Amino acid sequence: GYGSSSLGETTIVLKNEKNLDLYAEFADPDHHDYRLQATSRFRGAMSDGGDRGPFPFREEVYFVGPQGDDSADGLSVEQAWGSLEHALAELKAGDTLYLLPGEYDKAVRASLAGADDAPIKLRGRGKKPVLVSGDVILDGSAHVHLERLHLSGQVRFLGARDIRIEQSTFFGHGTALRLDGSTDVRVTHSVFTGFDEAAISASGGSGLFLSGNLYDNADGVAVDVDRAGAIRYSEYNSYRSTAWAWRVGGGVCSLQDGRDSFDRHSRELVPEFEVSQRRPELKNPTLFAAGGPLARPYGPYHETPRSSELKLVSEPAVHSVSATTANIEWNVSLPATTHFSWGPTPEVENDVEFPALFFANYSLTGLKPDTTYYFRIDSLSIPNNVDINLDPVPVNGEVISFTTLPADREPQTYYVSVDGDDAHSGTSPEQAWRTIQHAADRVAVGDTVLIGEGTYRELVRIRATGAEGQTINFRNAPGEKVVIDGDERSVNQAFSIAAKSHLHFDGLYFRQINAQGAFATSPNARWDSWQGGDHGDFNIYRSQNITISRSLSDGRGNGKARNVSAHEVENLLLSNLVAINKFGGAVRATNAPGLRLEHSVFVRPQIATVHIRNADDEVSTLENNIFTDMLKKKSDQNIGLFTVDRSTKAHRQINNLYFIRSFAPEDRALLYGGATASDRPDVFIDPQFGDPVFAGALELIDDGRKTEFMPDLMTHSYLDYTFEHFFPTDAGIVAHGVGLQPDQFVDGNPK
């Protein structure tokens, strides 16, 4: 790369090379392919006659271009072949063919024989468009990849297998891509427009994988298959019309009809195209810039370095208001602290600092009804713990205004169901919405969202705040089991809550949430632990009066995710929780005055179970809970179950049960650093020690194993839990009133 010095003759340091033309030396530098062309200056340039750089030259990269010559060797841009037909006939397993920018208007038919570990790759080179306007038929081909092509002719695969199509645009009439008797075809991040029959038609095959595609299906269906079993996976796609999404076995069906099996996270977005250089170009790309797989765009995209410019991407906008609250949103180009002002006059008298990881949502509370307020963003700065060296940027944004409501409307109850539709009204079970996020986008102070039974794979951003006496509630519909699933750990939190108050979450199960943030920077810093590296089921920052009750967080198979991460949160109540197999603590709280954790059960954390870092005057109380010991290899080291090293003066544990295994109670360290219960009677008040004998241990565990440490056995993945499995049954323990409260699991029991 552009390193500061040479590291020997084998290494290419670009800044040291005079008159260097990357495009004449390497296969495709725009897409990070640094294999050498046959004519590269780096061939044979070492003292021993070897090639410089990481990839010695091999005859495996070829080039074809409209200005080329089929009598050339095809091994460099300078010696590119002239026709696609000739090029395809020359390829062998493991070869890459780069199509140089321009138009290829001749129809071609070929049979390409790649191998499982050596596919044949046909790629558009560079950033300028490669237009293939002639028909392309690949007959009996195997292990072939097509990338970065613009195809206006019909593309057809006959009896093909292991085909990969990505980052391409199809815009022919009729059917854009036809797959006949083809298996294991993967189409990702591509655009289909202009077709009037189907974007993709597949018959007689299987294993079709579709992800990240943009279907402009105004005049035809997006996907036409002879049977539903032909589809292996279809998800995170965008449809212009969800009514015309599919044709299965000759019958048209909507996107909603197929959501039990596919496209649960796909969306309906309307693209706008204009023709540029004889190909369609998306006019509204920002609409499709996120939402695809792994937070990538729908359709083709180019991986570019993250912006090094700190700027306001979108001006602040008012999401919603109530009589006493306002919710304001904006976007920034980099993780940044936003400095803004607000107040009842255009002079915006109140100054606030608030961090934003690209997106920010800030709620103002305690406002006066029917009153106009003003808001302005003043500047942006990079937090000290983020490793980006940029000076603060003045914004001097325009002052925006908003007016609170004269009075709040009557609280509403909304419904969400796995069988719902976000196009519904949401006001009855029959008119339920499909996603929790859709409900979170529309709730106001005092509203309740009832979530129906089923599994939801979402990250829900809370955009509105509640108010005093007007809590916003998200809870399970009475008697129904609601599971928030991280989709094989592709989601790093379930609920994201920032600058909010008076929220209540109740009756929810969590599993497969990934604790690793997508943009982690400095994992030990408070700002970053909110924004990136410390996620879990609930990620709460700078908020007040939040209640989480009857939550079961299952860490089996993914012990890292916390149940609750709370930073600068006042009056957080955690009640009747269950957390299983957590890695670095089920609850982590920093500067959380008024934290109360009660009547909860923590089963076999891998190391410590609760981390609290409060100031001396920030009180935290843990009362009537059950804590079991950690992994044996950790408990044998007498590692403390709790980390409260900075806040023991304001920390109390009252009437909790500790089920320990490796030491006698008087010797077991409970606080990190070695303090036992008897060492700190000011912290541990009326501690209890013993086996609660969980109901699940009696019901689910084989009798022959009941002499083992039961929390270990209760982390086995084959066990299917409900809250009742964690009720204590030992009469003496029950008498102490610790653990879950059975009376909280009767009316509206979330199972």
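The radius of gyration used here is taken over C-alpha atoms, and the globule rule is 2.2 Å times the number of residues to the power 0.38. The model is predicted. For 751 residues, that rule puts a compact globule near 27 Å; the protein chain has 30 Å, which agrees. The C-alpha atoms fill a box of roughly 90 × 65 × 60 Å along the principal axes.

Next, the secondary structure. The protein chain has 8 helices and 58 strands. Of its 751 residues, 56% count as buried.

Now turn to the rings. The structure holds 38 aromatic pairs. One of them joins Phe26 and Phe42. Their centres are 5.9 Å apart, with 15° between the planes. Planes under 30 degrees apart count as stacked, so this pair is stacked. Where do Phe26 and Phe42 sit in the chain? Phe26 is in strand β1, residues 26–28. Phe42 is in the loop between β2 (33–36) and β3 (61–64). The two are 16 residues apart, and the pair links distant parts of the chain. Both Phe26 and Phe42 are buried.

Rings also gather in a group. Trp330, Phe340, Phe354, Tyr362, Phe375 and Tyr541 form one aromatic cluster.

Charges meet rings too. The charged end of Arg186 sits over the ring of Phe209, 3.8 Å from the ring centre. Arg461 lies over the face of Phe359, with 4.1 Å to the ring centre.

Last, the empty space inside. Rolling a probe the size of a water molecule over the atoms shows where such space is left. The structure holds 4 cavities of 30 Å³ or more. What kinds of residue line the largest cavity? The lining has 10 nonpolar residues, with no polar and no charged ones. They are Leu84, Leu88, Leu99, Leu122, Val132, Val136, Leu138, Leu146, Leu149 and Leu151. Two elements give two or more residues to this lining: α2 (84–90) and β9 (136–139).

The second largest cavity has a volume of about 60 Å³. Its lining divides into 5 nonpolar, 5 polar and 1 charged residue. Asp counts as charged, so Asp226 is the charged residue in this lining. Among the other lining residues are Leu179, Val185, Ala202, Leu208 and Ala230. Ser182, Ser203, Gly204, Gly205 and Ser206 line the second largest cavity as well.

Definitions and conventions: Residues are numbered from 1 along each chain as its sequence is written. This is a predicted model: local features need pLDDT of at least 70, side-chain atom pairs count only at pLDDT 80 or more; totals for chains, interfaces and linings use all residues. Side-chain values use heavy atoms; hydrogens and water are left out. Rings of Phe, Tyr and Trp (its six-membered ring) pair if their centres lie within 6.5 Å; planes under 30 degrees apart count as stacked, over 60 as edge-to-face and the rest as tilted. Helices (H or I, at least four residues) and strands (E, at least two) are DSSP runs, numbered from the N terminus. Buried means under 20% relative accessible area, exposed over 50%, partly exposed in between (1.4 Å probe, protein chains only). A charge sits over a ring if NZ of Lys or CZ of Arg is within 6 Å of the ring centre and within 35 degrees of the ring normal. On a 1 Å grid over the protein atoms alone, a cavity is a set of points where a 1.4 Å probe fits but cannot get out, and a pocket is an open set with protein on both sides within 12 Å along at least five of seven lines; lining residues have an atom within 4 Å of a point. Grid points are joined across faces, edges and corners, and a volume is the space filled by probe spheres set on the points.
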